[in-house]
Amino acid sequence: MKNLKKYILSAAVLVAFASCSSEDDNAVANNVTLEFNNTFGNTPIVLGDATSSSATVNTSEAGQVHHFSEVKYVVSNIRLIKADGTEIPYNTNDLDNGATVINQANPETLSYVLNDIPVGDYTEIKFGLGVRSDLNTLDQVSFPEFYAKAGSNETEMHWEWGTGYRFTKIEGFYDTDNKELSFHSGSTLTDDADGNFVQGADAYRNITLSLPTTATVGNNAPTIAIKADFDYLLSGDSHTVTIVSTADITNNATPSAHTSTEMMKYVDNIGGEANTTSSGMFSIISVEN
Amino acid sequence: MKNIASILAVIVLVTSCSNDDNYESTPFDNPEIDFNIPANFPLLNSSFYSNKPTTFGVELGEKLFTEKRFSINNTVSCSSCHVQTSAFADHNTLAVGVEGRIGFRNTPPIQNLAFMNFYNWDGSKLQLENQSLVPIITHEEMDSSILEVIGKIENDPDYEDLFEKAFGDEDVTADRIYNSIAQYEYTLISANSKYDRIQRNEGETYSAHEAEGALIFENKCASCHSTALFTDQSFRNIGFPINPNTEEAGRARVTGDIDDYLSFRVPTLRNIEHTAPYGSFGQFPTLRAVLDYLDNGVVDSDNLDPILKNNNNRIPLTEEEKSNLIAFMTTLSDVEFLGIND
């Protein structure tokens, strides 16, 4: 009986605390939702198979029509920057709680909620397209949830031979006869005994976007709508890509699932060239407070 | 007598102490193994020094190497494809994994890897410790995951015993699995072929054909198949028949450099008699077929190796030279390493 009283008392205390923080005008943190909109220009992408009549068709700078049956990419290393320059990292060293796979076929994945972002006025967002090389080791022991999410049959974002994650996976069709295109990106960096990356390509890209409206985290939980314009894939700032079906790899770009010779052209187009401030295919549509 | 009694008492005291000690400072007796480096071999891969083979590390690694629970349906172990009598390769053109799934390339032999700086046909790994995860997770190989493997073996008393002996406690961790397999692989050294014994002046001599072959080898092969490893570990496109699998880019798959397209690491020729078929996807059933191909002329390309390019895309060989070369290459067989009677 005494025990029961204790329980009731502590429950009451808990409720008191909980109600305190929800009624508190001086919230210390709130959520920020990132909403990813995958488009060709301003048109939302509708996926479809080879002969689909509903799929969104795009025409590249080189004049090639194309549409997609699959669009997936990894977003990680998210940081929000306050007006005063303070950078708030969001679980940037924890793929289980700070990374996600955006999958156009699964609407739930298009919104990613950042929990408990400290109160403040945010004017910039940074995130990674792909996984930073120091975390890109398919380490199931450290990050079992992200490993499972990325490796599921729905996403297939493990790149086994490179023991890393696929950063982007796009399947689709091009030209009027709907030949298959397949674009996978990922890093092939390999480290030596001293932990230095001594070979391979780094397909990770850091994206920096200024917010057109300040995102005010406080009693409000802002939503930042981000556009990923896949027109950039073939018609980017870095490269105008003509897809060819021959095995001649010197003939501009043959889409290939596993070869990094041509991969970096696509990577630069959608993620911007490495070590530049280019934001690739990404831009901010709106900030709603 | 008194002395012995007091020593015994001290021992009992110490023992009971450490038993109570929750393993924290339990000393374990796991000496580094005597690692005899053949005199003419190149330097060890520097990863070796941070994962030196120990008695029980190697024993554990060998047990894991033959562990079929590494695969999703407990049917395939490392040793399913890496068969000792084939210098730890096999005789399939392409590797075969769970449910008969066909892999991407020909199974490479595992020998003298402690002295290699690049692993796999395309050099995609630089440390053995980072390699063993790849077959565990690859769909066409074992199609499992490291946590699945750990879950299957961690309560097995044999493993509890060996992990404790090797690492001081019975925890089965991913790194311990990777490290012990690498330790075992480091010990797979082939350096006792007839060729080696002749080099060491141990009284054996080449037959006339073998001696002829050795001379031809020196003239026409040794610029790539160099050092005591019989590979200079460079990556070269030598115009072998092209893999119809469009995923194949050779070394370029790793580097992204178009100049590396369809380049592969020069393979060792040790125990080559026992590792047929040959080529990255098993293009050639016999050594003779390889030599015939090089003699007839190879596929031209922009990045064809200059040695071939400057020689009309071929290595001219008479039929007699081919026979003698093959005779020489059989002197690179190490029956002790292969565990076979010649």
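Let's start with chain A. UniProt, in an unreviewed entry, places the feature "domain: Copper-binding protein MbnP-like" at residues 30–243 of chain A. Keep in mind that what we are looking at is a predicted model.

How far apart are the end C-alpha atoms of residues 30–243 of chain A? They lie 45 Å apart. The span is 48% strand and 6% helix. Now take chain A as a whole. It has 17 strands and 4 helices. Its length is 289 residues, and 41% of them count as buried. Look at contacts in chain A with a separation of 6 or more: 70% of them come from residues 24 or more positions apart.

Next, chain B. Here the secondary structure comes to 14 helices and 2 strands. Chain B has 342 residues, of which 43% count as buried. Along its principal axes, the C-alpha trace spans about 85 × 50 × 35 Å. For contacts in chain B with a separation of 6 or more, residues 24 or more positions apart account for 68%.

An unreviewed entry puts "domain: Cytochrome c" at residues 208–333 of chain B. The end C-alpha atoms of that span lie 18 Å apart. The span is 34% helix and 3% strand.

How is chain B divided? There is domain 1, residues 42–186, and domain 2, residues 194–338. Their C-alpha centres lie 27 Å apart. Where they touch, domain 1 of chain B gives 24 residues and domain 2 of chain B gives 25. On the domain 1 side, that makes 12 polar, 10 nonpolar and 2 charged residues.

Now the core. The largest nonpolar core has 124 residues. Which residues have the most contacts inside it? They are A:Val74, A:Val75, A:Val131, A:Tyr165, A:Phe167 and A:Phe230. Strand β4 of chain A, residues 65–82, gives the largest share of this core, with 7 residues.

Not counting residues up to four places away in sequence, what does A:Phe230 touch? The answer is A:Asn38, A:Thr39, A:Phe40, A:Ile45, A:Val71 and A:Met281.

On to the place where the two chains meet. There, 26 residues of chain B are in contact with 28 residues of chain A. On the chain B side, three helices each supply at least two residues: α4 (133–137), α5 (146–153) and α10 (252–255). The largest share of that side, 4 residues, comes from α10(B). By class, the side of chain B that touches chain A has 12 nonpolar, 11 polar and 3 charged residues.

One helix in detail: α11 of chain B, residues 287–296. Its buried residues are B:Leu287, B:Val290, B:Leu291, B:Tyr293 and B:Leu294. An α-helix has 3.6 residues a turn, so residues three or four places apart point the same way. Back to our helix. What covers the buried residues of α11(B) includes α13 of chain B, residues 319–330. After α11(B) comes B:Gly297, with a positive phi, near 120 degrees.

Last, two loop residues in chain B. First up is B:Thr54, in the loop between α1 (2–19) and α2 (55–65). Is B:Thr54 buried or exposed? It counts as buried, because it has 21 C-beta neighbours inside 10 Å. Leaving aside neighbours within four places in sequence, B:Thr54 is in contact with B:Asn30, B:Pro31, B:Glu32, B:Ile33, B:Ala166 and B:Gln183.

Then there is B:Asn245, in the loop between β1 (235–236) and α10 of chain B. B:Asn245 has 11 C-beta neighbours inside 10 Å, so it counts as exposed. In sequence, B:Asn245 and B:Arg105 are 140 residues apart. In space, C-alpha to C-alpha, they are 9.8 Å apart.

Notes. Residues numbered from 1 in each chain as written. Chains lettered and ligands numbered in written order. Predicted model: local features only at pLDDT ≥ 70, side-chain atom pairs only at ≥ 80, totals over all residues. UniProt positions renumbered as here; feature names shortened; annotations may be inferred. Core = buried A, V, L, I, M, F, W, Y, C linked by C-beta atoms within 7 Å. Buried ≥ 20, exposed ≤ 12 C-beta atoms within 10 Å, placed from the backbone. Contact = placed C-beta atoms within 7 Å. Nonpolar A, V, L, I, M, F, W, Y, C, P; charged D, E, K, R; others polar. Domains from an automatic or database assignment.
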